[in-house]
Amino acid sequence: MASILRDLLSTAVENNASDLHIREGKTVQLRIDSNLIEVDFTADTAFIDACLEQIVPPGQIDKFLKTGDLDFAWEEEEVGRFRVNLHKQRGLRGLTLRYVKSKAPTVEEVNLPPILKKIAESRAGVIFISGTTGSGKSTTMAAMLDHINSTMKRHIITIEDPIEYTFTDKKSFFEQREVGLDAESFDSALIHALRQDPDIIVIGEMRNRKTFETAMAAAETGHLVISTLHTKDAPQSVTRILDMFPMEERDTVRKSISGILRAIICQRLAPRAIGKGVVPVNEILINTPIVRKLIFDDHLDKLGQAIENGTEDNMMSFNSCL
């Protein structure tokens, strides 16, 4: 059955909008090619009421009323799937909907460096995909998983909040778990995933110390863990992980990271030269023996230079990628 949002969502998809912003009592805005475009429609209180009644998952509205935030997914028949954040602002309700393409793109389709395929083929360890909000981390991760799915026989478990790309089994087989729907939390899903014989565990976002500790244990026991981090460059990603831990534990954690890290792929989006659309710009840190020693010896300030000098090892800075 069509929801009250159908026309707005169709307009967004037809115009290649990445996001849709709906605020109570305000005109709707679309994010197209990184710019905000106003739509000639005002979301009044009655519209928001009807919208929430139709799209919020059963039993979840109380959580929103209590916390002021709720994340979930909505699939509009024959239009597409959307990641939804419901929130309050100045006492009024707002919705941000991100259009999620159900088919995972290939590395080539989204103009990513070919080295990402080789990184995705790692047997064990941790791969981080980092960047700020809206920099395309989920799309890059999906493209890497599509490469694995097309070329390798692997059991892949994803833990997401909510599921962004849905995968169809090719050579690999997928189990996709949505926090709040299929699992209680990232932590519990991750602990249970270790008992489900996975080759690869994908964690939608590395949010806290407990998740990272379990992920580290998984990597040390021969699994490949792929996750995202909110950081602006590759060296900062290591610092961000260490910041999750008390000062007295950071030495031990840093030495563990030096052993299990495979690569950090940091991403930003840049406007195309033709003026329409955006392309990813990547910084890639690969855990070569030199990088491993820098992390082990706490010379994190030298990682930027290691990236600049590591072109022979397929590393790249944002500038060299541009």
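1. Helix H6 is mostly covered, since 6 of its 8 residues are buried, where buried stands for under 20% relative accessible area, exposed for over 50% and partly exposed for what lies in between, with a 1.4 Å probe and protein chains only. Helices (H or I, at least four residues) and strands (E, at least two) are DSSP runs, numbered from the N terminus. The model is predicted, so local features need pLDDT of at least 70 and side-chain atom pairs count only at pLDDT 80 or more, whereas totals for chains, interfaces and linings use all residues. Residues are numbered from 1 along each chain as its sequence is written, and side-chain values use heavy atoms, with hydrogens and water left out.

2. The buried residues of H6 are Phe186, Asp187, Ser188, Ala189, Leu190 and Ala193. They pack against strand S8 (155-160), strand S9, strand S10 (200-203) and helix H7, contact being heavy atoms within 4.5 Å.

3. The axes of H6 (residues 186-193) and H7 (residues 209-220) come within 9 Å and cross at roughly 10 degrees, and that crossing makes H6 roughly parallel to H7. Axes here are lines fitted to C-alpha atoms, for helices over the stretch in contact, and angles run from 0 to 180 degrees between N-to-C directions; under 35 degrees counts as roughly parallel, over 145 as roughly antiparallel, 65 to 115 as roughly perpendicular and the rest as oblique. On the H6 side, Phe186, Asp187, Leu190 and Ile191 meet Lys210, Thr211, Thr214 and Ala215 of H7. Sorted by class, this contact has 4 nonpolar, 2 polar and 2 charged residues, with Ala, Val, Leu, Ile, Met, Phe, Trp, Tyr, Cys and Pro taken as nonpolar, Asp, Glu, Lys and Arg as charged, and the others, Gly among them, as polar.

4. Strands S8, S9 and S10 belong to an open sheet of 7 strands with mixed pairing, in the order S9-S8-S10-S11-S7-S12-S13; two strands pair if DSSP finds at least two bridges between them. Its edges are formed by S9 (173-178) and S13 (278-286), each of which pairs on one side only. Neighbouring strands of this sheet are turned by 15 degrees against each other on average, direction ignored. Within the sheet, S7 (residues 125-131) runs parallel to S11 (residues 224-229) and is joined to it by 6 bridges, with serine 130 standing opposite leucine 229 of S11.

5. In helix H10 (residues 289-296), Val291, Leu294 and Ile295 are buried. Seen down the axis of H10, the buried residues fall within an arc of 95 degrees, so they line one face of the helix; the arc is that of the directions from the helix axis to the C-beta atoms. Pro289 and Lys293, on the other side of H10, are exposed. What covers the buried residues includes helix H9 (250-260), strand S12 (261-271), S13 and helix H11 (303-308). H10 is followed by aspartate 298, whose phi is positive, near 65 degrees.

6. Threonine 252 lies in H9 and is exposed, with a relative accessible area of 55%. Between threonine 252 and aspartate 182 there are 70 residues in sequence and 34 Å in space, C-alpha to C-alpha.

7. The other sheet to be noted is open and antiparallel, with 6 strands in the order S3-S2-S1-S6-S5-S4. Strand S3 (35-42) and strand S4 (69-76) are its edge strands, each pairing on one side only, and the twist averages 20 degrees from one strand to the next. Helix H1 (residues 6-14) lies across S1, S2, S3, S4, S5 (80-89) and S6, running at about 145 degrees to S1.

8. S1 (residues 19-23) and S2 (residues 27-32) pair in the antiparallel sense over 3 bridges, forming a hairpin with 3 residues between the strands, where glycine 25 in the turn has a positive phi of about 80 degrees. S1 is also joined by 5 bridges to S6 (residues 92-100), and these two run antiparallel. Aspartate 19 stands opposite arginine 31 in S2 and opposite arginine 98 in S6. S2 in turn is joined to S3 by 5 bridges, again antiparallel, and isoleucine 32 has asparagine 35 of S3 as its bridge partner.

9. Helix H2 (residues 45-55) has Phe47, Ile48, Cys51, Leu52 and Ile55 as its buried residues. These cover an arc of only 125 degrees around the axis, which puts them on the same side of H2, while Ala46 and Glu53, on the other side of H2, are exposed.
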